[in-house]
4 protein chains.
Amino acid sequence: MTSSPPTIGVGMIGHAFMGAAHSQAWRSAPHFFDLPLVPRMTAIAGRNRAGVDAAAQRLGWESAETDWHALIDRPDIGLIDICTPGDTHAQIALAALRAGKHVLCEKPLANSVAEAEEMAAAAQEAARSGVVAMVGFTYRRVPAIQLARTLVADGRLGTVRHVRAQYLQDWLSDPESPWTWRMDRDRAGSGALGDIGAHIVDLTQFILGRELTQVTGRLATFVDRRPLPDGGTGEVTVDDTAAFLGEFEDGVLGVYEATRYALGRKNAIRVEINGSRGSLAFDFEDMNVLHFHDGDEAAETAGFRRIVVTEPVHAYVGNWWPAGHGLGYEHGFTHQVVDLLRAIAGGAPAIPDFTAGLQVQRVLAAVERSEQTRGWESVAGPGS
Amino acid sequence: MTSSPPTIGVGMIGHAFMGAAHSQAWRSAPHFFDLPLVPRMTAIAGRNRAGVDAAAQRLGWESAETDWHALIDRPDIGLIDICTPGDTHAQIALAALRAGKHVLCEKPLANSVAEAEEMAAAAQEAARSGVVAMVGFTYRRVPAIQLARTLVADGRLGTVRHVRAQYLQDWLSDPESPWTWRMDRDRAGSGALGDIGAHIVDLTQFILGRELTQVTGRLATFVDRRPLPDGGTGEVTVDDTAAFLGEFEDGVLGVYEATRYALGRKNAIRVEINGSRGSLAFDFEDMNVLHFHDGDEAAETAGFRRIVVTEPVHAYVGNWWPAGHGLGYEHGFTHQVVDLLRAIAGGAPAIPDFTAGLQVQRVLAAVERSEQTRGWESVAGPGS
Amino acid sequence: MTSSPPTIGVGMIGHAFMGAAHSQAWRSAPHFFDLPLVPRMTAIAGRNRAGVDAAAQRLGWESAETDWHALIDRPDIGLIDICTPGDTHAQIALAALRAGKHVLCEKPLANSVAEAEEMAAAAQEAARSGVVAMVGFTYRRVPAIQLARTLVADGRLGTVRHVRAQYLQDWLSDPESPWTWRMDRDRAGSGALGDIGAHIVDLTQFILGRELTQVTGRLATFVDRRPLPDGGTGEVTVDDTAAFLGEFEDGVLGVYEATRYALGRKNAIRVEINGSRGSLAFDFEDMNVLHFHDGDEAAETAGFRRIVVTEPVHAYVGNWWPAGHGLGYEHGFTHQVVDLLRAIAGGAPAIPDFTAGLQVQRVLAAVERSEQTRGWESVAGPGS
Amino acid sequence: MTSSPPTIGVGMIGHAFMGAAHSQAWRSAPHFFDLPLVPRMTAIAGRNRAGVDAAAQRLGWESAETDWHALIDRPDIGLIDICTPGDTHAQIALAALRAGKHVLCEKPLANSVAEAEEMAAAAQEAARSGVVAMVGFTYRRVPAIQLARTLVADGRLGTVRHVRAQYLQDWLSDPESPWTWRMDRDRAGSGALGDIGAHIVDLTQFILGRELTQVTGRLATFVDRRPLPDGGTGEVTVDDTAAFLGEFEDGVLGVYEATRYALGRKNAIRVEINGSRGSLAFDFEDMNVLHFHDGDEAAETAGFRRIVVTEPVHAYVGNWWPAGHGLGYEHGFTHQVVDLLRAIAGGAPAIPDFTAGLQVQRVLAAVERSEQTRGWESVAGPGS
C-alpha cells in the first residue's frame, strides 16, 4: 500500500483574471498528475473583506486574509502565489523569499530592472536553502511550444537564422474604448510592451534556448486621450504598440511586434523560426497545433506539417484526454503548478526562474531606451 | 446578504475516460458559473474496491461504493451520473428514475431501440414529478456549435439544403492494432456507428432543429480479425466505418461518414451546412472556430468568416477567460452539468432529454437495417 | 542543327467557355513545352457566321467555318477538338474518327451510355490505324493531382480504405436565379451529376488507379421552377444535387457529393483519401497545394504536410515558373494538349481514352438508376 | 461593322525568366481583354545570335536582334520592354524615352537612387509628348491586391495603424547552395532587399496609398562564402536578409522582412494591415484569396472573411474564367500590359510610373544607410 504524498499550503494574493486561472490550476493539478507534493488551497488575500471573502468562496480557497503579510506569517502556508499587478511584485516576493516561502510570481517579474535585479538576487540567495522561485510565463507550458523547444534542442532546425514573433490583440482598436489604469505609466509600467511583448520575448528565448543581446524598436501611442467613465478624458501615458528588431548572441535575427490595435486578432501569439534544416510556425489562435517543415524531406513531398499536438507522447498531454481532444488556455497554468511542485520536491529544475524573468525585463528596458536614442541598445547596457 | 444556494449530492457510476471528464466538470462548474444548485461530489461507484477507492481519490469523490445500487439507495444523493458502457445504461437509468433521482446518462442512450424506448418512457413518467433526465451529447455545448444553432434558428442560413458531417478517427488504421471489447458486438452494440456516428447525428439534428426521417448506408469492416494480447486473434464483429445518406423531414439532404480509419485525423468532427442565405462549417480540430458565409454580403467582399468563438457574447464563454483565450475539449462537460443543474432547479429545459436520445438510436438502427436491406429505411420504420 | 518539329492542324468546334480555355492551351503549349508535334490553330467552327468570325478573331484561329463537317473534310486539319454541349459529342466524334482525325472531346463523353459505348468502340477501331482519342477530364493535369496519383501508385498510402469527394458550387443557391438550358434534361442530359459529379468520379478513379463497381445515391431538385427571361417560369428537369455512396473493386468505400447549392463554395473540388500508411487531401480552392499525411512519421511529429506543388520536380511545373509561383485553372488545359500531342506522336499513351470516359458514364448511369430503384446498382449492370 | 484597333510593335530586351513571363503576357492579353491598341511581338534582343534566335522561336517573337539599340532604332517598334538585370535599366530606358518610345521597365527601377532620379526625370519630360513609362511591380495586378487597395481607399479599414509585410523565400537556406552573380554587389546592387524587399515596399505603399518616410533596419549576410561551380568559393557581398521598421507620413507603423532563408517558404508574400474599422491579410501562397475583417460586424459573428477573389466583379477577373476558377502567377503580367496599353491609348494613368519606382529606390537606400548609421533614416534624406 502506498502512502499519500505530503501536502503544501498555498497562499494566493490577488483574485482577478490571473487569480481565477491560478485557482483552477491548483484545484485541477492533483486530479490529473501524480504529484510529489499535493497543494492545499489554504488562503487567499485581497484588500477588502467583502471582496476577498467572495473570491475565496467563488475560487475555492479555505480562508481569506485582507493583508498579504498575513499569508507570509502563516505557518500552514509554504508557497506564495503572486497574482497582483506588477508594481507590488517586488515587495511581496522579497518578503516571501526572506520568510523561506516558495514563490510563484506572475509576469512581468517587476516594473523595473532594478526591482527585478533585487528579486533575482533574493531568489538566488533563497535557493541555497532549497527555496524555489518561479515566474509565470505560462505559454511555455503549451504542449505545442514544448514540442517546438524540443525540435530546436534536438537540432531538427539546424542552424537557426530567423525568428519572427507577434502578439496581436485588438481591444484598443476603437479610439472610443475607455481609459483604464493599464494606460497609466505610473501604475502599469508600460503598455503593450510589458504586458504582451514580454511573453513573446520569453517564448522565443525559451524555444531557441538562447538570449537576445541587442535591440532597436519603436513604441507608438496612437490615441493620446481616452474617455473616462465620468466624462472627460484621461491621458494615455504608455505605448499602444511596440515593434522591434533584435539580435541573438549567435546572430539569429528577430523581428517582434506587440500591439493592442490588430483589429480582429483577439489573442494571436505567433512565432515562426527558420533554420538551415527546418522551420516552425505557431499561432495561439490554433494552440493545439505546431507547423513544422523538415528540410530533410524529399523536395517532391516536402511541406509544413500540421502537427496536432494532442498525442499521449506530447508533453503533459498524456495526463489529460485521448488523442485529438484538445486542451485550452487554462491548461498551461495547471502544467505550471505541476512543474513548480515537482521543483519544490526536488525532482526538477524551477524554470523559468527569477533570473530568466530579470533577463526579459532587461530586453524590455533596452527596447524602451532604443525608442529614446533612436538606435540599437545592448540588453546588458547602461541602466539595464 | 445573500444566502448560499442549496446543494445536491451527485453519485457517479464508472470511472474510466468519461468518469474523469465528468468529475472535472462537477468540480469546475461551481467556480465559474452562478448555479442555482451546487453539486457535491458525494460518491462514486465501481466494481472492485481497490479500483473505486483509487478512483475516488484521484477524481475527487467523497466516498466510494462497489455496487451502483448503493448510490441509488443513498438519501444524500439526488443525481445519478451514468458513465458506464452502453449495455448497462438502461438498468441503471430505470432504477434511478424510479427512485426519483435525476439522471445524466452518457451516450449512446442504450444499445437497442427497445431499451431506449423504455428509458424515454420512464423519463417522461418521472418528469411529471419534476425529475430530470439528460443524455450526454456533450459536443452540443461547444460554444461554436451553440453559435451554429443560433444562426440557423435566426434564419441566417435561409432555407437549408445540405448538411455534410464526418467524424474521423484513425486508431484502427493499422491492421495490427489489438483487439478490444469495442470490437465485440455483444458488448459494444456497434462500432464506429454508435460510438462516433451517434455524435454527428445528434449534432446535426441539434443545429438544424429538425430530424432525419430516412437513411441508407453502408457499414464496413476492413479488418476481420485483430491480435489478442495473449497471442492469437479475436474476431471483429462490429463496423469499422459507417457511411450513410439521410433525408430530413423537410428535404434537407444529409451525407454522413464515421470512421476509425482516417489516418491522421485524431478526432475530427466536421459539420458543413448550406442554405439559401448562408453556410456554416465547423471542425473540432479547431474547436474554438466557426466558419460562416453570409449570403447577404456583397459579392465583392463575400467569403467564409473565421469566427473565433471566444467573445464574452458567445454562449458560456463569458464565464471563463477574456476574449481570445480558447476553451478545450473538457469545457463542454462543465457546460453540460451547468445546464443540467439549471434544469433541475427549474430554470431551463433539460436538453437533450431521453426522447432525443431515443431518436438518435432510431436513426442508428435504421442505418443498420439499410445495410441488410440494401435500400432506404424509415427512421420510424418497423423494428425501430 | 536541329530541324523544326512537324505541325498538326487543329480544328475546334464550339467557342464558349471551353473553347476559350482550349484556345489558350493550343496557343501556350508550344512556348513552354518541347513538343514532338506543333499545333496550328487552323480553324474554328460555330453555327453562325458573325459569331464564329468574332470568335476566331478573339480566340486566335486562322479561319472559321459555320458547319463542323467542313473541319472534318479539310485536309489541313488532323485533330478535331470538340467543345460543344454533350448532345453533339457522339456524332462529331464518330465522324472525325471515321475520317481518321485525332479527337479531343470535352467531358462528359456523351449524354448516354449507349452513345458512349459507340464512341469507345469507334475509338478502339481507329486506334488500330494510330488515331488517338482523348476525353477532357482536365483536372487530372493539375500538378497536385498528379502527385496524389504518384503517391498512391508508389504505395505511400498502403491499403486504401476511404475516398471522400465533393464538388461544390453555389450558382443555384438563390431560388430566383434564372432558368437556363442546363436545367432541361433533354438538352443537358443531367444536372450536377453529369456536369460536375463526372469530374470527381474520374478524378478519384484516376488517383486510386481502380474503378467503382457499385453505387447508391440520391438526386434532388430543390427548386422545381425558375424564372424565364421573358417572364413566367421554366421547369427544372435535372438534378440540382447528387450524393452517392460507392464501392470500388477492392472494397474501398467512396462518399460523393456534387451540388450547385453550396453557398460560398464557387468551385471547390475536394478529395480525401485514407489508407493504412498515409492519407491525402486536396481542395481546388487552393489548387497548388496537396496535403499528405505520412503514417510512417514518428507520432510526436506526424501531421498533414502542406505540400506547395510548385517545385521543378513536380509534374509539368518545371516548364513554367520558378518554385513558389503557382499555376491557375487554365494550365491544366495546356498540359492536356501537351499530353495529347505526345500521344499522337507516339511517345505516350492517350489518357484518359474514350473507354475511360465510357466507364465514368456508366457510373453516372448507375447512380441515376439507384435513384429509381432506391437500392444499390452495379456499374456494369443492366442498361449500363 | 467595327474596325480593328490599331497595333503597336513591341521590342523586348532580355529573355530569361522575366522575358518568358512578359512574352506570355503580350501573347495572351489580346485574347482576353478588349484593347484600344493591339501589341505585336515584333522583336526581341539578346546578346548572342544563337541564344536570341532560339528565344525568339521559343517565346514567339517575329524577329531577333543582338544589340538592343537596334530595337530603339526600328520604326516598327513603339514600345520597349526591359527585362534585363538592374544595372542596364537606366541606359536602355533613357535611350528609349529620348527616342520617343513607350517603356515598360522591370523592377527595381535601377541599382541606385541617382540612376532612378535620372530615369524619373526623363520619363516626366517624355510624358509631355505623350510617352508612357511604367515600372513592373506586377504583384499590384493580382486581383486580391486590387481588392485590398479598394477597401483601404473606400475607408473600410478606417484609420490605418499597422502594416506588416514579409517576403519569404528559401533558396539560400542551405549553406552549400552555389554562388551566383546575384550575390555580387557590383552586379546585383543588393540582395534580398532590392530583389524581393522592393516588392513589399511597393505593394504596401500601393495598398495604403501613402509613403514610407523613415526607416531603420538590419541587413545580414548569414553565409559569407559559397561554392563556385569550378571549385573554390566566391564571396557574398550582398545581404541575405533585410528586416526593417518603417513609419509612414501619417504615423502608420510598418514592420518588414525579406529573406532568402525562410526554409519551406518558396514565394510567400504576406501583407497584413490593421485599421480602426477593418483589417486585411494576404499571402501569395494562396494568391486568389484576401482575408478581410470588417470591424462593423456584430461581435457574435465577426471574423476574418476568406474572400475568394475570383468573382466577375473583381478586378481583371471577369475577362478570364467563371467564378471559382483561379488565376496563377503569370496573369499579373497580362494585366500589366493591358493597363500599359490603355495608358498609352490615353484611357488610363500609367501606374506605377518611374517616379513611383524612384520612391521605392529611396526607401531601399534609406534602409541601407540605416544599417551603417544604426539609427533611423529619412527616406528623403541626404544621399537619397
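Predicted model: local features only at pLDDT ≥ 70, side-chain atom pairs only at ≥ 80, totals over all residues.
Across the interface of domain 1 of chain A and domain 2 of chain A, the rule finds two salt bridges.

Domain 1 of chain A covers 7–139, while domain 2 is pieced together from 143–286, 288–327 and 353–373. Their centres, taken over C-alpha atoms, are separated by 25 Å. In domain 1 of chain A, 26 residues are in contact with 28 residues of domain 2 of chain A.

How much area do domain 1 and domain 2 of chain A bury between them? It comes to about 2,300 Å², and 69% of that is on carbon and sulfur atoms. If you want to find this on your screen, go to A:Phe32, A:Phe137 and A:Tyr139: of the residues in domain 1 of chain A, these lose the most area to domain 2, together 35% of what that side buries.

There is a polar part to this interface too. Eight residue pairs between domain 1 and domain 2 of chain A are in polar contact, both residues being at pLDDT 80 or more. As for which elements contribute, α4 (89–98), β5 (102–106), α5 (113–127) and β6 (133–136) of chain A each give two or more residues to the side of domain 1 that touches domain 2. The largest share of that side, seven residues, comes from α5(A). There is also a salt bridge between A:Lys107 and A:Asp195, with the closest N and O atoms 3.8 Å apart.

Now on to chain A against chain B. Here 35 residues of chain A and 34 residues of chain B take part in the contact. The two chains bury about 2,800 Å² between them, with 56% of it on carbon and sulfur atoms. On the chain A side, please look at A:His31, A:Trp321 and A:His325, which supply 22% of the area that chain A buries against chain B, more than any other three residues.

How many salt bridges are counted between chain A and chain B? The count is four. On the side of chain A that touches chain B, α1 (17–32), α2 (49–59) and β16 (304–308) of chain A each supply at least two residues. The largest share of that side, nine residues, comes from α1(A).

Zooming in, strand β1 (residues 7–13) and strand β2 (residues 38–45) of chain C run parallel and are joined by seven bridges. One bridge partner to click on is C:Ala45 in β2(C), which goes with C:Ile13.

Thanks, everyone, and I'm happy to take questions.

Note on methods. Residues numbered from 1 in each chain as written. Chains lettered and ligands numbered in written order. Heavy atoms only, no water. Pairing = 2+ DSSP bridges. Helix = DSSP H or I, 4+ residues; strand = E, 2+ residues; numbered from the N terminus. Domains from an automatic or database assignment. Contact = heavy atoms within 4.5 Å. Buried area = accessible area lost by both parts, 1.4 Å probe. Salt bridge = Lys/Arg side-chain N within 4 Å of Asp/Glu carboxyl O. Polar contact = N/O pair within 3.5 Å; in protein donor to acceptor, adjacent residues only side chain to side chain.
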